[in-house]
Amino acid sequence: MYILLTNMNKFIKYTLVFSLSFGWSQDIYTEYLVESGDSLDVFSYQIPENYNDLNTHPLLVIFHQWGGDENSPYYTQFDEEANNRNWLYLSPFGGSSNNYNHQDAQYFVMQEIFWLSEQYNIDSNRIYMVGGSMGGAAGAIFANNHLDPTQPMVAATASASGILDCERRFYEMDGNNSMIEWFGGSPEEVPFEYHCNSAVFFADSTQSMHFNLKHIPLYLDFGTSEPHRTHAEDLFALLQGYNLNMWIDFDPTGSHGFSVIDENHACDWMSQFELERNPEEINVNLDEPSRAYWVEAKNQSVEDEFIRVECERLNENTFLINQFKNSDTLIFHILNDTIPSNIQFYNYQYDSIFTIGITGTSPFISTISNVSFEGFNSAYWDNLNQENTIIYVDISWGSYNMAFTFEDFMDVNLDGVWDVTDIVLTIQNILGQIIFNSTQTENADLNDDGNVNILDIIFMVNLILS
């Protein structure tokens, strides 16, 4: 477990390592990320002068250039932009000055965002990332590798002279010792490490993670004459019509890195967007078993090859599996606000039998008393079973229908007992904070007038007291 060497509350901060103050109106601090007594990373963060703990605040994460550190980005205007917009600001070191956004560096950033979110009221739907040169690709690389909506994700990212394809850049430079150090060898020796730590691999789309950027707004900037500006231009062209929220500089200025980017314009552009947590289409290459939005791949058949997942949601209860490769289990996190009486699955992956799981956050999963599964046109299925809150079944190619039977509980939260929880849920439904399924609506309408309202709450109080 990673810990931070600090003892802080939201009003007075005493740092056991040290804190930096640059004499500006906003508060700036430096902290360490520590594991088992070893310091793994150092980071700087800024609290805007008008911070209010009662309100949520966007977070701007900024990544330094090659050779820089957590203090380097303060020489840009991004810290002033963050303060003026009432955003929090995080500048990680990333474990080294030449980290090239490797997996450990990404993990350090994740832990630092977790920690900052515990200390301050961060808007998790508005985490923006920006960087220069080596750090210019960090936001897109982090987004590629972090698509789990239960953890920090990127709402939008901006790149200044970003090294978007590490393998291409390796050969452009006739070798790169920093990449060899952190990825464990050259592209010939460890190609997968280069591909999963890049925003894109242009030479082979099947070995590229740019698919994962479909729902991540991208801001691409570069200098007038720098040789690797084609990274941005080629990615922009590659994603045309696929990613619908991109900006690229058609009139570049500056030379390289942060000097090429207009901080005010970049922040204005990113601020338009909030995180997409629940898209209709998912098209990803996963470098390891993990969750991407509402699907999750468990297990990896061949290491150092991507898990390919392409799924669509047509409506509340119809799902398409267009591709699923290099894994044996695909879990759907879809039983959340409501549980439909039946779900249709269409599997177009012809050449394998694999397991699907159906789960979610709904407390009503526990009230499912029976699950039936039916295949059409001789579609194979087997091993239907429920383990804890996940329902599993093996399927082949074809179309299927899953139907649920629920326990016949008469209360609102379907636990068989009328209590204050039923009242709270009904109030939330009346206020529009949650939506009842048909069973809950019927149970809550105690006076049978066709509406769930304050009169039903009065009936509930009397029912509980009696």
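Colleague: What makes the space of about 50 Å³ the second largest cavity?

Modeller: In this predicted model, about 50 Å³ of space lies in the second largest cavity. A cavity is a set of points, on a 1 Å grid over the protein atoms alone, where a 1.4 Å probe fits but cannot get out. Grid points are joined across faces, edges and corners, and the volume is the space filled by probe spheres set on those points. The search of the whole structure finds four cavities of 30 Å³ or more.

Colleague: Which residues line the second largest cavity?

Modeller: Among them are Asn144, Asn145, His146, Met209, Asp287, Glu288 and Arg291. The elements that each give two or more residues to this lining are α3 and β12. A lining residue has an atom within 4 Å of a point. Helices (H or I, at least four residues) and strands (E, at least two) are DSSP runs, numbered from the N terminus.

Colleague: How many residues of each class has the lining of the second largest cavity?

Modeller: It has three nonpolar, five polar and three charged residues. Ala, Val, Leu, Ile, Met, Phe, Trp, Tyr, Cys and Pro count as nonpolar, Asp, Glu, Lys and Arg as charged, and the others, Gly among them, as polar. Asp287, Glu288 and Arg291 are therefore called charged under this scheme.

Colleague: What volume has the largest cavity, and which residues lie nearest its centre?

Modeller: The largest cavity holds about 120 Å³ of space. Phe63, Asn99, Asn101, Val109 and Ala138 lie nearest its centre, out of 14 lining residues. Elements α2 and α3 (138–145) each give two or more residues to this lining, and the largest share, three residues, comes from α2. By class, the lining divides into eight nonpolar, six polar and no charged residues.

Colleague: Which element gives the largest share of the lining of the second largest pocket?

Modeller: The volume of the second largest pocket is about 390 Å³. Among the 20 residues lining this pocket, Met110, Asn145, His146, Gln151 and Glu288 are the closest to its centre. The elements α2 (103–119) and β14 (295–298) each contribute two or more residues, and α2 gives the largest share, six residues.

Colleague: What makes β12 and β20 edge strands?

Modeller: They belong to an open sheet of six strands with mixed pairing, in the order β12-β15-β16-β18-β23-β20. β12 (281–286) and β20 (368–376) each pair on one side only, which makes them the edges. The twist averages 20° from one strand to the next; axes are lines fitted to C-alpha atoms (for helices over the stretch in contact), with angles from 0 to 180 degrees between N-to-C directions.

Colleague: How far can one rely on the numbering and the values?

Modeller: Residues are numbered from 1 along each chain as its sequence is written. Local features need pLDDT of at least 70 and side-chain atom pairs count only at pLDDT 80 or more, while totals for chains, interfaces and linings use all residues; side-chain values use heavy atoms, leaving out hydrogens and water. pLDDT is the predictor's confidence in each residue, from 0 to 100. The chain has a mean pLDDT of 92, with 95% of its residues reaching 70 or more. Over residues 5–24 the pLDDT is below 50, although this stretch has 40 contacts in the model beyond near neighbours in sequence; contact means heavy atoms within 4.5 Å.

Conventions:
Pairing = 2+ DSSP bridges. 1 Å grid on protein atoms, 1.4 Å probe; cavity = no way out; pocket = protein on both sides within 12 Å on 5 of 7 lines; lining within 4 Å.
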